[in-house]
Amino acid sequence: MTPLKIRASTIARLAVAFAVVLAASPAITVRAAGDAAAGRALALKNCVKCHGSDGKGDGPEVAARHISPPPGDWTDKEDMSEHPDVFLRNIIEQGGAALDKSPQMPAFGKKLTPAQVNDLIAYIRTFSK
Ligand code: HEC
């Protein structure tokens, strides 16, 4: 065996071990619960013009731009209980069109970090508590 071969196989074994450690580590996925107060600040800047400061989906842009269907009512407990967090995350990040919903719901995946989306989800949930 040449030294080169030994090194290559050692590297391969290390790579496999590293991949196993990565896959098993919960720290890699975003699990932190969102901060509703931070989410509110983000929503005031990016969302209330359509979703309304009361979360009812009646922000000024809805009438001004004739947005139809309008955004949903975040205070409707029954409706909101049918939307798991993953749906809220997907529509916020990918926008309505990607999910066969209204294309007037913009995609924020490039503008907001995953942690900021968590904050927004926590804020959205405060309306149906
Ligand atoms: C230009 C208007 C507009 C803006 C700005 C906007 N939305 Fe929406 N959003 C919509 C519309 C319209 C829908 C309804 C999509 C449908 O049901 O077809 C929607 C749907 C949603 C939904 C699915 C539940 C619901 O309300 O129907 C979530 C969650 C959501 N938006 C979050 C956000 C967040 C968070 C922001 C800000 C980061 C935001 N939206 C900004 C228009 C907007």
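My entries below go from the whole chain down to single residues.

**Ground rules.** I am working with a predicted model, where local features need pLDDT of at least 70 and side-chain atom pairs count only at pLDDT 80 or more, while totals for chains, interfaces and linings use all residues. Residue numbers start from 1 along each chain as its sequence is written.

**Overall fold.** I looked up the secondary structure and got 7 helices and 0 strands. Helices here are DSSP runs of H or I with at least four residues, strands are E runs of at least two, and both are numbered from the N terminus. Along the sequence that reads α-α-α-α-α-α-α.

I then checked burial: 16% of the 129 residues are buried. A residue is buried with 20 or more other C-beta atoms within 10 Å of its own, exposed with 12 or fewer, and partly exposed in between, the C-beta atoms being placed from the backbone.

**α2 against α7.** The axes of α2 and α7 are 7 Å apart, and the packing angle is about 95 degrees. Axes are lines fitted to C-alpha atoms, for helices over the stretch in contact, with angles from 0 to 180 degrees between N-to-C directions. The two helices are therefore roughly perpendicular, the word for 65 to 115 degrees (under 35 is roughly parallel, over 145 roughly antiparallel, the rest oblique). On the α2 side the contact includes Ala36 and Leu42, and on the α7 side Leu120 and Tyr123. Contact means C-beta atoms, placed from the backbone, within 7 Å.

**Core.** The largest nonpolar core has 12 residues, including Ala43, Cys47, Trp74, Met105 and Leu120. Such a core is a set of buried Ala, Val, Leu, Ile, Met, Phe, Trp, Tyr and Cys residues joined through C-beta atoms within 7 Å. α6 and α7 each give two or more residues to this core, and the largest share, 5 residues, comes from α7.

**Glutamate 61.** I found glutamate 61 in helix α4 (residues 60-64). Is glutamate 61 buried, partly exposed or exposed? It counts as partly exposed because it has 17 C-beta neighbours inside 10 Å. Beyond four places in sequence, glutamate 61 is in contact with Lys49, Cys50 and Ile67.

Most residues other than glycine have a negative phi, and most peptide bonds are trans. So I went looking for exceptions. A cis peptide bond joins serine 68 and proline 69, with omega about 0 degrees. Proline 69 is in the loop between α4 and α5 (77-81). Histidine 66 lies in the loop between α4 and α5 too, and its phi is positive, near 50 degrees. Aspartate 100, in the loop between α6 and α7, has a positive phi near 60 degrees. Aspartate 100 is exposed, with 7 other C-beta atoms within 10 Å.

Notes. Two residues are in contact if their C-beta atoms, placed from the backbone, lie within 7 Å.
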